[in-house]
Protein chains: 2
Amino acid sequence: MATIRDVAKRAGVSVSTASLALNGRPLVSEETRRRVLQAARELDYHPNAVAKSLADGRTRVLALFIPVTLEHLFSSAGFFGGLLKGMHRAALQRGYHLSLHVVESEEETAERVRTIVRSKRSDGLIITNPTVHPPYLGELRRAAIPVVFVGRPEESDFPYVDNDNVEVGRLGARQLAAAGHKRIAFLNGPNRFTFSRDRLEGYRRGLLEYGLPFDEDLVWSSDLTEEHAYSTVVAALASGLAFSAIFCASDIQAVGALRALRGHGLSVPENVAVLAVNNTALTRYYQPPIATIDLHEEKLGYLSVEMLLRQIEGGVSAAAGADWQARVPSSLVIRESCGCAPEDPERNPGEGGESG
Amino acid sequence: MATIRDVAKRAGVSVSTASLALNGRPLVSEETRRRVLQAARELDYHPNAVAKSLADGRTRVLALFIPVTLEHLFSSAGFFGGLLKGMHRAALQRGYHLSLHVVESEEETAERVRTIVRSKRSDGLIITNPTVHPPYLGELRRAAIPVVFVGRPEESDFPYVDNDNVEVGRLGARQLAAAGHKRIAFLNGPNRFTFSRDRLEGYRRGLLEYGLPFDEDLVWSSDLTEEHAYSTVVAALASGLAFSAIFCASDIQAVGALRALRGHGLSVPENVAVLAVNNTALTRYYQPPIATIDLHEEKLGYLSVEMLLRQIEGGVSAAAGADWQARVPSSLVIRESCGCAPEDPERNPGEGGESG
DNA sequence: CCCCGAAATCGAACCGGTTCGATTCGCGGC
DNA sequence: GCCGCGAATCGAACCGGTTCGATTTCGGGG
């Protein structure tokens, strides 16, 4: 395989001139550049990426961390697929590559982050689905390496892209309230995720805006699995709680909820309306089709890479207190399970407030 | 950041000795090794992966190609998720990393393969879901780089891991035939994939073994999408063809088929039995739960990496005519939609043959 | 006591690029 | 005709490891 020295020799110039010419730098005469490029073409020369990295200290590799408990991988496969597509598109456009790091716990994330940072295997990190207080924040800060989170760790000034999950919660609650439901249950995700906390806050606000009381008994939390969601709803039904709608934090939980309701002789949407979040393929094809909130994960992925590259190419490290953030809007996807038309955007539900 | 020269200096030895000591090579006295390791620890030294790659010519990166048409990404998200998990596990164990290359067409694959090979960005390639005659085989052969396919390209001596898709087809046909069905339709995938051809062959054999005639009219082909499967089955129903079971090449197609059947007033499994392939989350939670064939994709992923590493570390290139292959067995997952118990493994269906 | 060979260590070259400081070249101005 | 300057080119150092051939050290045998 031809190296730059071969090219230089054939073009009759020095190695340094060849390098300048090949990289389109100024200070090379047109005639020389032409000769160098010609030689490169003739020798089928292609620069060695590793040598380049060593020389200029840039790997052009972005490390992507995806957490998987097995059930999570399956339940969110569609979500991660979309995320990935967006990231890949953004990276490719700018000549970057993605390396993939599947991790099963935050401790493992911490460990792998450490080895990657130390061995200088990538120019920056993208960490998806952080919990509220990830254990590796100190490590990241010390390393002073560009990072972007997909999802928001609490009380950290690291850059992140995320949906506005308060808005997601609010959207869901309002949609069901607008359809006339007075007792709307919220089957939330685990509390260790920031998105769960944010959505709960949004749910609360949405109810308030429609003058509905916030009832703690109607807020349930379950893992992001069908099984756990099922048993949670079964328990709620057994306790005799009254409600006419369930807002679920993920599609897979909605499926569990639907099974529980059916098992209890309740039909959807006639007896209970159901609204989910994620818009994975599942919901479109389910019977009944499940209304859900689309998080536009491909956009999320695209923006995360863009933000990371801004840091890398701007020479700014995430630890430098760059508190950039991007919020991706989410949108309702109305389907049969919620038994309702989209909330009329014109409608003003009233004053809300404590008096509700 | 400390380099190996810093370590050598602090330990009072030459750089070369430090390198030997750090890599656990023989020919270094115990005393010296101790001192070097001690120095490394004190300086918090971690070798630079890029420098290492340049020096020894090994990147320790495996390039993974995943094709995505958008619909495919969604319909097979579970499948790729499992594949990925297996690959990652195998790679991690041996100190390798995965780089991810999402491609939308075989032409794009060809192009990206070329740039990766040329820039020496990875030690080997894993290419998933090749078509029957991928356009980049020549490129691969010329590059003489280790490659493993996940899925079998026809008439190529490149190494691959795959399910035994003839067996998958046979399994499906036999299962339905054993339940007493005489007219079993096969909603196959696109003919450009080797797995489609193999499954068709298996389906034919399965029927034969039960003495059932092979009827071309009962073999339909559709894209791996819900929509296309739906319209294909709708057309079949409209044509008045008689059949009492459908064997679908993927879960997502089964969902489309179910919708078409329901729309035609047929219920599953009472009027028509349905059996699918893939065992994605979808099938478990669908109503009715969909019987399917599990392809054990995690194992497929694990084996593909193992096979690739065997080539890399054995110094054998895929183009050297190494016709290794691994077949991963598949297993039936019986659920309501097929309206039947597992085929009795004891049962011998008879002589089969033309006379059936 | 000297020589020889094996073990331990070292120095230098190398991997394939980039970059910086020095050098050469051509040209205009005085 | 000489000086100075900017443009073009060059040589060498550098990135941070590995490896190979040469050199030193040490112990044992003659």
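Reply: B:Arg284 pairs with A:Glu227 in a salt bridge whose closest N and O atoms are 3.8 Å apart; the term stands for a side-chain nitrogen of Lys or Arg within 4 Å of a carboxyl oxygen of Asp or Glu. The model is predicted, so local features need pLDDT of at least 70 and side-chain atom pairs count only at pLDDT 80 or more, while totals for chains, interfaces and linings use all residues. Residues are numbered from 1 along each chain as its sequence is written, chains are lettered from A and ligands numbered from 1 in the order in which they are written, and side-chain values use heavy atoms, without hydrogens and water.

Between chain A and chain B the count is four salt bridges. Polar contacts across this interface link 18 residue pairs, both residues being at pLDDT 80 or more. A polar contact is a pair of N or O atoms within 3.5 Å; within protein, one atom must be able to donate a hydrogen and the other to accept it, and residues adjacent in sequence count only if both atoms are side-chain atoms.

On the chain A side, the elements that supply two or more residues include α6 (77-93), β2 (97-103), α7 (106-118) and α11 (226-238). Helices (H or I, at least four residues) and strands (E, at least two) are DSSP runs numbered from the N terminus. The largest share, eight residues, is that of α6(A). By class, the side of chain A that touches chain B has 21 nonpolar, 13 polar and 14 charged residues; Ala, Val, Leu, Ile, Met, Phe, Trp, Tyr, Cys and Pro count as nonpolar, Asp, Glu, Lys and Arg as charged, and the others, Gly among them, as polar.

In all, 48 residues of chain A are in contact with 49 residues of chain B, contact meaning heavy atoms within 4.5 Å. The copies meet through the same surface, because 100% of the interface residues of chain A are also interface residues in chain B. About 4700 Å² is buried between chain A and chain B, with 66% of that area from carbon and sulfur atoms; buried area is the accessible area (1.4 Å probe) that two parts lose on being put together, summed over both.

Phosphate oxygens of DNA strand C lie 2.6 Å from a side-chain N or O atom of A:Ser19, 2.8 Å from a polar backbone atom of B:Ser14 and 2.3 Å from a polar side-chain atom of B:Thr32.

For DNA strand D, α4(B) gives the most, with four residues. A backbone N or O atom of B:Ile4 is 2.7 Å from a phosphate oxygen of DNA strand D, and a polar backbone atom of A:Ser29 is 3.0 Å from one.
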